Amino acid sequence: MGKSKAHTDESLDPEDWEALRRLGLLMVNDMITFLKTVHERPAWQPMPEEIRATFKQPLPVEPQSPNEIYQDFRQYVQPFLKGNTHPRFWGWVEGTGTPFGMLAEMLAAGLNPNVNFGEQSPIYVELQVLDWCKQMLGYPGEASGLIVSGGSEANLVGLAVARNAKANFNVARDGLRGASQRLTLYGSTEMHNSIQKAVELLGLGSESLRRVPVDSGFRIDVEVLKNAIAEDRARGERPFCVVGNAGTVNSGAIDDLQSLADIAQHEGLWFHIDGAFGALAALAPNLRPLLKGMERADSLGFDLHKWMSVPYEAGCVLVRNAEQHHRVFSSSGAYLAHAVRGAAAGPVWFGEYGVQLSRAFKALKIWMLLKEHGVEKYGRVIQQNVDQARYLATLVETAPELELLAPVGLNVVCFRFTDERLDDSQLNDLNQEILMRLHERGIAVPSSTVLQGKYALRVAVTNHRSRRQDFDVLRQEVITQGRSLVQQSDLEDEANRVA
Ligand SMILES: *Cc1c(COP(=O)(O)O)cnc(C)c1O
């Protein structure tokens, strides 16, 4: 009673290091098994209400044991995923990740460096990775670059540099109040929404983003583009940038990048390319010609967490003119002084090339995975996905009840179940129902889109685990579900008539 306790400092380290070591080894063991057996589980499963309720608990006040927390993870978190590690996941455009990538993430978290600046190995790893990215895509070696969270951030950074470099006033100082003309930029109607988001965030206004129509292959119509630029100029506006798509989300279309580069050059515009997944097709020798002109971009954004299967998150932006890139993000503070020696030295301050100051060691997993597989194998796996997409297209074309809704240029297949007695609106409802059943029954996870008013089941293959049989299963299940829905509606019609 009243006895004063000896002062002991606390830390967040384990009290029992050996117990944590055992738990850690168990976790690694469990997760490797989890990945090895992924094909044995459903592609997706709904989360029961009682599980959802476990995420409504009060803020933890007292410590809990790591073993119990891990059990919570196993029970409540691990089973209820969107499914992107599964061989029959082809929704949106998502990456599969890899087991070695998982281990790389653990190492990065263990080192826990802040890769903003400093004389530290992670800076050199990132510089190495950026050099490799330039080499992979045939981009100029003197370009600057940054590993970012993904394609959206890459587009934001690229367009920020474009805006500041091409405005005829000092945007950094005056903001858009310095503008005497509207700054306009151009891309196709198939552009990803992250471009619009960036345009809005950069204060340019979505009205300044001109959406140029596409041809039958969903590529930007370059003649319409030229006219749009001329019309805007005639109206007194200031065109400053063309955005090219290297792989659209809807259909995988690649714009004629060579023509876009010519137009940008001729008109004095910045040329940005959104190559989120499509840029990586450059690794497959047979696909590389599709990307001709990509090396001429002033800025190029792409993802490593999609077609390179690097665990989330990992994207990259490259900017041809390093000086222009640096100028946009390098406002400094006295607390961030560069030193010539010691921990505050170092070759590059990545915090001066993007939005983030504190940054994760994302470069490590990229460095490790590129070394593990080498680019030739990546090229083969990317080609394999494109071949699988073509295989699925053939399966669709040879099935009378299925209809292909867009040409398959790369790795995206859009199709639907049809029945001649149903109109487009009924088919839209029917295919939407088919999609939800495919998900709910754990069969496969495609996503959807709408092409010319037609609801499409959309399969984007960026999955190194997919095998041809997986596409056979998809075809069969779409037909089975489609037939059963048509039959059901026939029965309902019948019942209504009788009633
Ligand atoms: C995925 C994607 C993006 C956005 O990239 P995130 O990594 O999701 O931020 C941009 N453009 C295209 C074409 C994409 O497929």
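Me: Which strands and which helix do the buried residues of H5 pack against?

Reply: This is a predicted model, in which local features need pLDDT of at least 70, side-chain atom pairs count only at pLDDT 80 or more, and totals for chains, interfaces and linings use all residues. Residues are numbered from 1 along each chain as its sequence is written, and side-chain values use heavy atoms, without hydrogens and water. Helices (H or I, at least four residues) and strands (E, at least two) are DSSP runs numbered from the N terminus. The buried residues of H5 pack against S2, S7, S8 and helix H12 (362–397); contact means heavy atoms within 4.5 Å.

Me: Which residues of H5 are buried?

Reply: Buried is under 20% relative accessible area, exposed over 50%, and partly exposed in between (1.4 Å probe, protein chains only). In H5 the buried residues include Ile123, Val129, Leu130 and Met136. H5 (residues 121–137) lies across S2, S7 (299–303) and S8, at about 105° to S2. Such angles run from 0 to 180 degrees between N-to-C directions, with axes fitted to C-alpha atoms, for helices over the stretch in contact. Glycine 138, with a positive phi near 70°, follows H5.

Me: In what order do the strands of the sheet stand?

Reply: Strands of a sheet pair through backbone hydrogen bonds, either parallel or antiparallel. Here two strands pair if DSSP finds at least two bridges between them. The open sheet has seven strands, ordered S2-S8-S7-S6-S5-S3-S4, with mixed pairing. S2 (144–148) and S4 (209–212) are at the edges with a single partner strand each, so one side of each lacks a neighbour in the sheet. Neighbouring strands are turned by 20° against each other on average, direction ignored. The partner of S2 is S8 (residues 315–319), paired in the antiparallel sense over five bridges; valine 148 stands opposite glycine 315 there.

Me: Is glutamate 237 buried or exposed?

Reply: Glutamate 237 is buried, because its relative accessible area is 17%. This residue sits in the loop between H9 (222–234) and S5 (238–245). Its side chain makes a polar contact of 2.6 Å with that of arginine 210. A polar contact is a pair of N or O atoms within 3.5 Å; within protein, one must be able to donate a hydrogen and the other to accept it, and residues adjacent in sequence count only if both atoms are side-chain atoms.

Me: Which polar side-chain atom lies 2.8 Å from an oxygen atom of the ligand?

Reply: One of histidine 305 does. A polar side-chain atom of lysine 306 is 2.9 Å from a ligand oxygen atom.
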